[in-house]
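Q: I would like to learn how to read a protein model, one feature at a time. Can we go through it together?

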Amino acid sequence: MRLYHLPVSLYSFKVRLGLALMGVGLELVEPPGGSYRSAEYRAINPAGTIPALVDGDFWLAESDAILGHVEALGLGHRITPADPRRAARAVMLSRWHDLRLEPALRRLFPHVAPATRDATVVAEADRLMAEAFALIDAAVSPDGPFVTGPTPSVADCGYAATLIWLDALRGPLGLSAAPGPRLARAAAALRIEPWLDAEFARYPALVAAWVDGKLAG
């Protein structure tokens with residue numbers, strides 16, 4: 001199986017974390033044509049999104065679908081909680097990341113460069129993130145240490161990625177939104193999982209380089 005990804009992509013990182021938690025190694029390749037917008041890549045993944053999984057004549061887009069498929073194949077450790085309620089909560093919290101928190105963060109990307117920054121847009125994105133964090137933290141497991149309980153799940157992976165981006169953007173954009181105590185605890189717990197060391201060693205520097213490039217440009 002082949003995973004089309006970009007090293008700095010938030011959702012690529014989310015999937016790489018999930019694969020590492022499962023102990024599954026896939027062939028990692030970047031999109032042909034130099035971009036996920038290229039015609040060559042759209043011939044592989046018509047959605048034109050990153051990442052994408054290809055297994056022979058079968059392809060998948062969307063991070064949760066990719067991780068769910070790999071897990072269903074039984075290639076590694078399960079990351080879906082065994083308890084039905086925790087499993088359902090993992091799905092819900094992963095969706096809340098993808099539909100509520102990450103889109104608010106993504107609004108900021110065109111406004112990192114000072115020349116294109118709109119303070120009104122930045123303030124609104126900051127407000128939306130704070131609102132999302134409050135909702136999310138109320139649903140995170142009170143017992144921890146991870147988002148849904150004693151073991152990490154797909155939900156932990158998305159939040160880990162977004163919090164790295166938020167840390168990199170907080171200073172340059174003057175952001176105040178921050179995760180609540182339960183989510184912050186879960187993110188800290190994930191970062192000390194030994195099989196994720198390689199990913200966490202690389203990714204913050206990639207994000208920081210992207211931000212620095214925008215600030216300089």
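Q: Is Glu 62 buried or exposed?
A: The general idea is a scale of relative accessible area: under 20% is buried, over 50% is exposed, and partly exposed lies in between, using a 1.4 Å probe and protein chains only. Glu 62 has a relative accessible area of 52%, so Glu 62 is exposed. Its place is the loop between β4 and α3 (63–72). The phi of Glu 62 is near 80°, a positive value in a residue other than glycine.

Q: What should I know about the source of these values?
A: The model is predicted: local features need pLDDT of at least 70, side-chain atom pairs count only at pLDDT 80 or more, and totals for chains, interfaces and linings use all residues. Residues are numbered from 1 along each chain as its sequence is written, and side-chain values use heavy atoms, with hydrogens and water left out.

Q: How many helices and strands does the protein have?
A: Helices (H or I, at least four residues) and strands (E, at least two) are DSSP runs, numbered from the N terminus. Here there are eight helices and four strands. Along the sequence their pattern is β-α-β-α-β-β-α-α-α-α-α-α.

Q: What radius of gyration does the protein have, and what would a compact globule have?
A: The radius is taken over C-alpha atoms, and the globule rule is 2.2 Å times the number of residues to the power 0.38. For 217 residues the rule gives a value near 17 Å; the protein has 17 Å, so the two agree. The C-alpha trace spans about 45 × 45 × 25 Å along its principal axes. Of the 217 residues, 47% count as buried.

Q: In which sense do β3 and β4 run, and how many bridges join them?
A: Two strands pair if DSSP finds at least two bridges between them. Strand β3 (residues 52–55) and strand β4 (residues 58–61) run antiparallel and are joined by four bridges. Ala 52 has Ala 61 as its bridge partner in β4. Two residues sit between the strands of this hairpin, where Gly 56 takes a positive phi near 65°.

Q: Which strand residue in β3 is the bridge partner of Tyr 4?
A: The partner of Tyr 4 is Ala 52. Strand β1 (residues 2–4) pairs with β3 in the antiparallel sense, over three bridges. As a general point, side chains in a regular strand alternate between the two faces of the sheet.

Q: Which residues does Arg 16 touch, not counting those up to four places away in sequence?
A: Contact means heavy atoms within 4.5 Å. By that rule Arg 16 touches His 5, Leu 6, Pro 7, Leu 28, Glu 199 and Tyr 203. Arg 16 is in helix α1 (residues 10–22). Its relative accessibility is 7%, so Arg 16 counts as buried.

Q: Where does Thr 148 lie?
A: Thr 148 is in the loop between α5 (119–139) and α6. A loop residue can be judged on the accessibility scale like any other. With a relative accessible area of 3%, Thr 148 is buried. Leaving aside neighbours within four places in sequence, its contacts include Pro 81, Arg 86 and Leu 93.

Q: What is the omega of the peptide bond from Gly 144 to Pro 145?
A: Omega there is near 5°, and the bond is cis. Pro 145 lies in the loop between α5 and α6. The peptide bond from Ile 50 to Pro 51 is also cis, with omega near 10°. Pro 51 is found in the loop between α2 (39–44) and β3.

Q: How many residues apart in sequence are Gly 171 and Ala 47?
A: They are 124 residues apart in sequence, and their C-alpha atoms are 34 Å apart in space. Gly 171 belongs to helix α6 (residues 154–173). Its relative accessibility is 60%, so Gly 171 counts as exposed. Across the protein, among contacts between residues at least 6 apart in sequence, 73% join residues at least 24 apart.
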